[in-house]
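Q: Could you walk me through this structure while I look at it?

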Amino acid sequence: MGAVMRFLRAAGRLWLVPVVLVAWEVATRMAEDIFFPPPTTIAARMHELWFSGPAQQLWLTEGALDNIPTSLGRIFAGWLLAGVIGTALGIMLGRSERFSQFVDPLIQFGRAIPPPALLPFFLALFAVGAQMQIATIVFGIIWPILLNAGDGARHVDRLHLETAAAFGLSRGQRLTRVILPSAMPKIFAGLRLSLSLALILMVISELVGSTNGIGFQLLDAQRSYDYPGVWGSIVLLGVLGYLLNAAFLAAERRILSWHRTANQTT
Amino acid sequence: ACGGSDTPTETTAANAGGLEKTEITIGALPIPDSAALYIANKRGFFKEEGLTVTIEPVQGGAQAQQSLLGGSLDATQTNYVSTFLAVSAGNKLKIISDLYQATPNSFNLMVPKDSGIKTPADLKGKKIAVNSKKNIGTLAVTSVLKANGLAETDVEFLEFPFPEMAGKLQQGVVDAAWMTEPHLTAVQKNIGATKLADTMTGPTADFPIAGVVVTEEFTTKNPKTVAAFQRALAKAQEIAASDRKAVEEILPTYTKIDAATAAVITMGTFPTSLDETRLQRVADLMLEQGYLKSAISAKTILPGASG
Amino acid sequence: MLEISNLTHTYGSGPGAHHALGGIDLRVTQGELVCIVGPSGCGKSTLLRSIAGLLKPTGGTITLGGTPVDRTPDDLAVVFQDYSRSLFPWMSVADNVALPLRRKGMDRGRRRAAAEEALEQVGLAGASGKYPWQLSGGMQQRVSIARALAYRPSLMLMDEPFGSVDAQTREDLEDLTLRVRNHHNMTILLITHDIDESVYVGDRVVVLAKAPATVVGDLRVDLPGPRDQITTRENPAFVHLRAEVGRLVRGMRSHPAAAS
Amino acid sequence: MLEISNLTHTYGSGPGAHHALGGIDLRVTQGELVCIVGPSGCGKSTLLRSIAGLLKPTGGTITLGGTPVDRTPDDLAVVFQDYSRSLFPWMSVADNVALPLRRKGMDRGRRRAAAEEALEQVGLAGASGKYPWQLSGGMQQRVSIARALAYRPSLMLMDEPFGSVDAQTREDLEDLTLRVRNHHNMTILLITHDIDESVYVGDRVVVLAKAPATVVGDLRVDLPGPRDQITTRENPAFVHLRAEVGRLVRGMRSHPAAAS
Amino acid sequence: MTGRPPLSSRLLCGAAGVAGLFCVMELAGRSGLIDPIVFPLASTVVSRAAALAADGEFLADVASTLGAWAAGLLIAVLVAVPTGFLLGTLPRVEAALRPVLEFLRPIPSVALIPLALLLFSDRFDMKVAVIVYAAWWPVLINTMYGLKDVDPLAKETLRSFGFGRMAVLWRVSLPSTAPFIATGVRLAAAIALILAISAELLAGGASGIGTFIIEAGGSPDALEYIIAATLWAGVIGVVSNGLFTLAERRLFHWHLARTEGAR
Ligand SMILES: Nc1ncnc2c1ncn2[C@@H]1O[C@H](COP(=O)(O)OP(=O)(O)OP(=O)(O)O)[C@@H](O)[C@H]1O
Ligand SMILES: Nc1ncnc2c1ncn2[C@@H]1O[C@H](COP(=O)(O)OP(=O)(O)OP(=O)(O)O)[C@@H](O)[C@H]1O
Ligand SMILES: [Mg+2]
Ligand SMILES: [Mg+2]
């Protein structure tokens, strides 16, 4: 009963989706533009590309099994790495004025460099393939985590830090018990931004020297003038992004429960 | 499809020839292929026809075609393989001028110094760098492979921009690279790479490479403008075809190729007329290699024929 | 144990500067409970924060057990005036209390037990699983007292620790503080605005004058121990001392009051 | 003017629920100053927040001037217990005080003047250009009192408003509150832990019992007006009432105390 | 608050950091760790970049890119902050829009450039549209998360004085969220610059750093040109970030004072 209700409520929250879909379908059918195929055409193409496989493969095609898991693997590897490195570096930056003085210009510099322009650099450092792609993803998405973590760590409530100091908490305890939790909401904002960016960077990293992945398929469809295919890839990215984000929010709700209730307005 | 025709066409008083549109923005790649466009502009051939032409650098054919349809470009340089692919996908495009045609050694397959690969037949199972998959590069390399008893599936094509290919060869990321000028000359000089094969021989000898494309709508709405443009560009093609010095002079003005390099690179030829049978070769080879699902007549991409 | 000499502090600089401490001298011996009273805004918290090493005073010296205080001394606990902001909202009440105990090398079980015990002592036996923001103001204040008491520091600094609780609870907490002090021979500095309280719990009452703060009175409280809320407060010596402190705070410096 | 009947409130639900208010009945007439006392954590702040419309009680009704309170009533000012968090750190002290006056449609100059006047009344004449975080705890508390007083609301809710200031300032603020109340005929509800204070400033003292809170005593304070810190507190009626409230808070319900 | 290092020491330390990286890169190139054919020497790149600074054409390119960048960033902020407030304060609207927004967010702006080309006949509009699309997310997300962090007691204070929802938003939520929004804007500024260049790269155009890179692509020294131009993009990023940081320090001194505690 509770589960049914929950399901219905979840479905209720999605009401805007069918509305948008129908509007999109109508608009594209009226426009009759080959660049803007209607959603049904896109869906058919997506089905053909990825979901028309045999039952024992969960109806996934070879194309799907070839491209989607590889891409997802790259995204996760890149995102996790970026999360760990970004949080660590960000907290160092936030807590150490010295350190931030030295590396801040480098960080601001790196941040402003278009990741595609850095592909040659990563290509030089890493073997082509997963390593280089993950490096590109990490480089491209680390900034929101880094900046937000730095910000969060810099702006911990003064009295919290003084309490920690007064009770002689060790550096490690201060970090894990005080600084990290209070920067956590901001770090999560960064992580959430980065998750979507990871999808984008995955596409970019697959544009050069790659032989598989969703980004590669997108590029392939683009140069074959397969517009439904292009849109199909875009929709796939959107759906993946939505699912990843939903999973992320669920995790966040658990981890930041104190934050939500502590700050809820009555 | 959107917007292209909405741009208000300005008809100035100076418009003697009754041109429908006197100001044209054309996209061009910063490579030798588009030299005639710049020559025509510099020597005032367009002006003589009452046209004001703005040439804007673009990076690749596909995006430029989108700009064409979106209306930010009126015409653009394109390669023929892209054009046929686009047309087969339902885009209504017309080639109004031919720009560039391959000559021997203008598009070569290069291997690093001391490579174990001595003949194209050794490429089986190897990795080859091309600037874009499903395009002239793969088409030309595949025809070389076929001539040597290999198929397209016997090798792996990887995409890299031309400037990065030297590095990839050096690092061993790829075993061979399909390159064109000025990178061909540079790669030989810098890393001592050697030529494995000329890809513009046999079925691809004198292969048509690039032309000027507009939308079909543009040709039907602006026939006089198109004709004026063609006349002006033909003059420039004539010069480019007959006077290498003219090309060498113009190259450094719109690319970052210096005069010294311009003097030594191998250049293709600049055809002076638009020839249906030559273009048909491209479509036929594409059909043969499976780039096209069904035959396309080159006539359909020439002005006049409604496709 | 604690020696403060000619301590000065100025907040900010230039025309907006505020001269908060104007040369404070104070010696506190081991095991003493010194109450500090003084008008609002005179610099009591500033003094406390300097002793805790949380603020670098602009002048003077503080030594603790012979070593100058330049960073937060070891084995110190503070009950902050702004107790609600000094609790960590992401931890349960018990975790807040248990957190500093890690420094003492206690294992999980003993930390937990010590926290529960301290919470029970301040009358919050049932609240250990709650979060600070689920508690009333007075309860939060008691959590922060429990945290300091459970830590059993050798020096405890308390900034108006009993301001938000009712009279009954306040008395209980005063007695608790005295008990814990006697039991563990702590040194305590306690800031309060309640003159009765300062005399009741203090071994000495130090009176600060308004900005910049200086010591204008330092009274030894010689009341027969163990103190008791009813008998002690009835003691004539208590009544006298209370009046004395009251006069000092009001700036009347021991003159007999004209009215009443 | 204010009528509360059978007000109940429960925080949370399920096994962790906390039953804070257990059926409160209270009537306050226009111009009255009602003091609320009760043990820490009993539900005083919860009651106040319900009246202010900041919290939706789970049961019962509150009407103000005949209309039920379902959102924040007009012409109300609150002095929060957690004063430091209720001041805006990005505004100067004067701006903090002047901000609510915008609601009164005052122009800039008059807002400014009113803020300066209120700050002076609470003894913070020089602090108007400072930021809240540059003030001591007691000064911050006075800023939040000044903000409420300057607003001249018809109903004022004060949650332990004088807890962080010294005795002298406290008396001044008590008298100030009484003066302002008489002058502008405000209705005031004041939560305090100081029993003397409750009797001194209150027209009535309402005593709440521990969780869930219920009214266990409602005493009318019949002291000859105008009150005076010295004479009023010496009045035998005052002493008697104080003892009475004290007994109620301690849960002894008017029985003569056994000890002492 | 006390003892903030003077600006000169910040600059000095920063310069030291940059010099350090330069040396590492140069050494990596000279020692053959990174083959100069694959990635040019740091000194080569820097001298190219220095030469570009005197190149009027390149400066015009930079100006053109910056124009689109500024317009795009401004619009993104103007759209994202109110939207963030709307979504942050109206949970129902947020719940309804979330699927659509979360669907749109991971769509690579780079993949959208071809579509933007179809929709806009003006290059500048196209660039700005793409920039806005990519740059508004960080501002939006940071605004929404910042709103969750507003002290409820501060909001209640204002409400108790009878202020309405809008007033509370304007006077409490906005100021206390502002520092976090500012971080979002700084994130967005870098993304906007990236998108401006990418859009120029993919779409071509009369001028812009991206266009410069296209032109350089045909050169045998293409890599050096491209990386030198990229270097300038980085420098623009550092400068703009410095300006933003300065502005933030001025605007949010209260935030720093309250939170820059014992380290
Ligand atoms: N947000 C909340 N969630 C859960 N429980 C709460 C919450 N706020 C208050 N309580 C509980 O409600 C009870 C009453 O709290 P309230 O703040 O009204 O007490 P109070 O009488 O004001 O106490 P004090 O004098 O200490 O301020 C307390 O036991 C507290 O634990
Ligand atoms: N961060 C600061 N910046 C500037 N001035 C400050 C700062 N902190 C405190 N002050 C000033 O220093 C003086 C002393 O403050 P302090 O907090 O020590 O007072 P206090 O004696 O604790 O008062 P209270 O009893 O009200 O808490 C006050 O006048 C206050 O305005
Ligand atoms: Mg203080
Ligand atoms: Mg309370």
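Q: How many cavities of 30 Å³ or more does the count come to?
A: The count comes to nine cavities of 30 Å³ or more. A cavity here is a set of points, on a 1 Å grid over the protein atoms alone, where a 1.4 Å probe fits but cannot get out, with grid points joined across faces, edges and corners and a volume taken as the space filled by probe spheres set on the points.

Q: Before we go on, what should I know about the model and the numbering?
A: This is a predicted model, in which local features need pLDDT of at least 70 and side-chain atom pairs count only at pLDDT 80 or more, while totals for chains, interfaces and linings use all residues. Residues are numbered from 1 along each chain as its sequence is written, chains are lettered from A and ligands numbered from 1 in the order in which they are written, and side-chain values use heavy atoms, with hydrogens and water left out.

Q: OK, how much space lies in the second largest cavity?
A: The second largest cavity holds about 340 Å³ of space. It is lined by 26 residues (lining residues have an atom within 4 Å of a point), and the closest to its centre are A:Leu197, A:Ile200, A:Leu201, E:Ile191 and E:Leu195.

Q: And which elements give two or more residues to that lining?
A: From chain A these are α6 (115-125), α7 (130-154) and α9 (171-205), and from chain E they are α5, α6 and α8. Helices (H or I, at least four residues) and strands (E, at least two) are DSSP runs, numbered from the N terminus.

Q: What is the lining like by class?
A: The lining of the second largest cavity has 20 nonpolar, four polar and two charged residues. In this scheme Ala, Val, Leu, Ile, Met, Phe, Trp, Tyr, Cys and Pro count as nonpolar, Asp, Glu, Lys and Arg as charged, and the others, Gly among them, as polar.

Q: Switching to chains, which pair shares the most contacts?
A: Chains A and E do, out of eight pairs of chains in contact, where contact means heavy atoms within 4.5 Å. Chain E brings 72 residues to this contact and chain A brings 73 residues.

Q: How much area is buried there?
A: About 6,600 Å² is buried between chain E and chain A, and carbon and sulfur atoms give 67% of that. Buried area is the accessible area (1.4 Å probe) that two parts lose on being put together, summed over both.

Q: How many salt bridges are there between those two?
A: There are two salt bridges between chain E and chain A, each being a side-chain nitrogen of Lys or Arg within 4 Å of a carboxyl oxygen of Asp or Glu. A:Glu252 and E:Lys148 form a salt bridge through their side chains, at 3.7 Å from N to O.

Q: Which element gives the largest share of chain E's side?
A: That is α10(E), which gives 10 residues to the side of chain E that touches chain A. By class, that side divides into 46 nonpolar, 12 polar and 14 charged residues.

Q: What is chain E built from?
A: Chain E has 11 helices and zero strands, and its C-alpha trace spans about 70 × 55 × 35 Å along its principal axes.

Q: How far apart are chains B and C?
A: Chain B and chain C do not touch, and their nearest C-alpha atoms are 50 Å apart. Chain B and chain D do not touch either, with nearest C-alpha atoms 48 Å apart.

Q: Where does B:Pro182 lie?
A: B:Pro182 lies in the loop between β8 (176-180) and α7 (183-191) of chain B, and the peptide bond leading from B:Glu181 to B:Pro182 is cis, with omega near 0°.

Note on methods:
On a 1 Å grid over the protein atoms alone, a cavity is a set of points where a 1.4 Å probe fits but cannot get out, and a pocket is an open set with protein on both sides within 12 Å along at least five of seven lines; lining residues have an atom within 4 Å of a point.
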